[in-house]
Amino acid sequence: MYAVTHGRVPPFRDRAAPEETGNMSYAPTRTDDASQPDEPHENDPARTNLLSPASPFQRPHGPPSGNDRRFRIHGADVSASIAVFLIALPLSLGIALATGAPLQAGLVAAAVGGIVVGRLGGAPLQVSGPAAGLTVVTAELIQRYGWRTTCAITVLAGLCQLALAALRVARSALAVSPAIVHGMLAGIGATIALAQLHIVLGGTPQSSAVSNVVGLPAQLADLHPAALSVSVLTVAVLLIWPRVPGHAGRILRKIPAALAAVAAATALAAFAGLHLPRVDLPSWRSHALPELPEGPVLGLLAAVLTITLVGSVESLLSAVAIDKLVAARKKPAVRIPRADLDRELAGQGAANMVSGALGGLPVTGVAVRSSANVSAGAVSRNSTMLHGLWVVVAALLLVPVLDLIPLAALAALVMVVGVQMVNITHLRSVKKNREMLVYAATLTAVVLTGVLEGVVIGIAVAVAVALHRLTRTRITTEEQDGVHRVRARGQLTFLAVPRLSRMLSQVPHGAHCVVELDGSFMDHAAYEALHDWQTSHTSQGGTVEVTGRAGGRISEPAAETHGCCRPWTPWRNHHCDERPRDTDTHHLANGLSSFQRNTAPLVRDELARLAREGQRPSQLFITCADSRLVTSMITASGPGDLFTVRNVGNLVPLPGEKGADDSVAAAIEYAVDILEVDSITVCGHSGCGAMQALLSNPPGGAATPLTRWLRHGRPSLQRMKNRHRSWARISGRLPTDAVEQLCLTNVVQQLEHLRAHESVARRLAEGSLQLHGMYFHVGEAQAYLLTSTAEQEIDEVFDRVAPAPSTLEKSHI
């Protein structure tokens, strides 16, 4: 049976098709409005398919149904939890070593982060535990107040996080400039790397980054060969492991690099009989628990505030980053809800209270483990919770194995993590946005003064830079080859309006002027001044072109706007009835000129990437050649998304048919076998001239190229006239006329023709290809989708696609 429900159609680039069911998989989109007037009646057989899988145009729902209350764990969650556990175990020990805390504290934090945050947090696939971002802060607190007081501070920080979550201020943490966040992480990474370098060389780290730098020459003069050899092996395996080529590399990469590095170093130390300090996990009976904090009140408050802010910002930024990774993931095609940041902050607070109470390190969301969880194919929060359970099992049962690990190996592992926190990609992004001063100031201040002080200094520098840019605007004018150029460098505010007006007044009447705006902000006063001058200048015979920093045109003269040209009009070659047509005007040339002026600067980088990498479309889209059908507009797709075949009537000739046109078959073969598309969509439309010709011209008429081509549509006509088949319905109603009925039937028939092609049949049998049906009503600007199960004899039903939510609505989903 064929049926579709209401749903949203996101851009083709982000779609993931579900598994095929039955002979043809046209799955329904989610029902958004049960009161739709033309929805089939609840007793109608068409409604039985409303429970079929999610639409091919929308990511399907996750594993267990809400109606099944039995506790089930998906196999993907089990495998992902093991992969994350193998990464978390050595890192947790290494971070505990770097802070100077008991090594068991790292295992406690990892277990609590997995179980508590995994159950209560708002980011299902984020993995929490001890993180490198709090290493410097925790180490300083331990040195100043002792370990048991640090545990109490962790509990208080968790309580503060719960209070912030209750106030629903999680989104406010994301308002911090990325340059400050990246600078903070880079400063922490540099501090960690400097401290662990001393352990790598066989020595003992000093109390501050400056002392570590000063003491480095003496440490280099007193090397310990055993510690250095173990550390070098650890770093070498960490760097080489992800780059092992070939089939062997693919097999080896199933083992996390961190685990492989520590295992190799442990094996070297054991077989070579090296005498090195090793992990020493004391009995859990002597495990230290928190005590009432002792020390100056202001110092304790500052410590609680530091852990709260740094831990919260790192966790929330990680949750947002994991959301992006999940959205970009194609397999498994499971719908994961977006992170609820306030709930995630509450989960982090609860975990910190539990971890501190049990004598564990502070807990934050960890990007490295979370990304590994996503990459391993996790589909629910069960993977995070299971990873915490495995840590508990290891802490209780694998103590003899863990005691074999050399401390130098853990130090080398943490040192590499610290170096990687100075992220080159982040550095390029900061440089591109001209915030290097903020980044450098934050990094330097964190290394020299501490995390909280460094962040405060970074914020102060960011505010100073913003005020400087706001008040410092350079406006110049020059004439070159008869073109007057007015350049505005900086932010255009009301403070710059007098200078802007003075420079614009120097442009002669009737001249062509280019206004270049090299800034990111323009307030209302500056906009009004520029717009008023632009209107006046064009009314006196001049021309004005307003461009951005890259030269792309961002405004048009008021004289070019016509009553029928709305601001939302996305194309410029349409005909305006109020504008007299010039028969001598070459519309194609005008369109090309408009493209080069307006669109080319915006798409040039993306097209250059596609030119380098080649095309990798996910869909073969077969539709009619009708000029009213704009595929990129109705599918919200862009360059590289669709491999499109257009012909009269969106027909798919049967393979091997006498006199068949091979162009369509060649496109299908190329798309399926060479490009390896994931799905094929056949799209019909209302008022199709080809279907009208099939109805009005009986067989046996004059043989013309058009009639010879339309014979491939006769099976659709025969299908419609077959009394043993019910007529197709559109959104629960019968078609308005025979032409619409034939348009709908033709989509279904051409899908059957597709299945007769050898390459399509093979990919369908493998389960690696989907077939979709679509109908576009031109007059309504409404898309309809088709679904089916194996029962081909029952009615075909198309149903409308509901509009996607607005940006404001999406923020609450």
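This is a predicted model: local features need pLDDT of at least 70, side-chain atom pairs count only at pLDDT 80 or more; totals for chains, interfaces and linings use all residues.

Biologist: How many helices and strands does the protein have?

Modeller: DSSP runs give 30 helices and 14 strands.

Biologist: And what share of the residues is buried?

Modeller: Of 813 residues, 48% count as buried. The accessible surface is about 39100 Å². Carbon and sulfur atoms hold 60% of that surface.

Biologist: What about contacts between residues at least 6 apart in sequence?

Modeller: In that set, 76% join residues at least 24 apart.

Biologist: Switching to α3. Why is α3 described as largely enclosed?

Modeller: Helix α3 spans residues 135–145, and eight of its 11 residues are buried, so the rest of the structure largely encloses it.

Biologist: Which ones are buried in α3?

Modeller: T135, V136, V137, T138 and A139 are buried, along with L141, I142 and Y145.

Biologist: What covers them?

Modeller: The cover includes α1 (75–99), α4 (147–166) and α5 (178–200). It also includes α11 (297–328) and α19 (451–471).

Biologist: What comes just after α3?

Modeller: G146, with a positive phi of about 95 degrees.

Biologist: Now α13. Which residues are buried there?

Modeller: Helix α13 covers residues 367–375, and its buried residues are R369, S370, A372, N373 and V374.

Biologist: What covers those?

Modeller: Among the elements covering them are α1, β1 (128–129), α11 and α14 (382–397).

Biologist: And which residue with a positive phi follows α13?

Modeller: That is G377, with phi near 95 degrees.

Conventions
Residues are numbered from 1 along each chain as its sequence is written. Side-chain values use heavy atoms; hydrogens and water are left out. Helices (H or I, at least four residues) and strands (E, at least two) are DSSP runs, numbered from the N terminus. Buried means under 20% relative accessible area, exposed over 50%, partly exposed in between (1.4 Å probe, protein chains only). Contact means heavy atoms within 4.5 Å. Accessible areas come from the Shrake-Rupley method with a 1.4 Å probe; for residues, only the protein chains shown count as cover.
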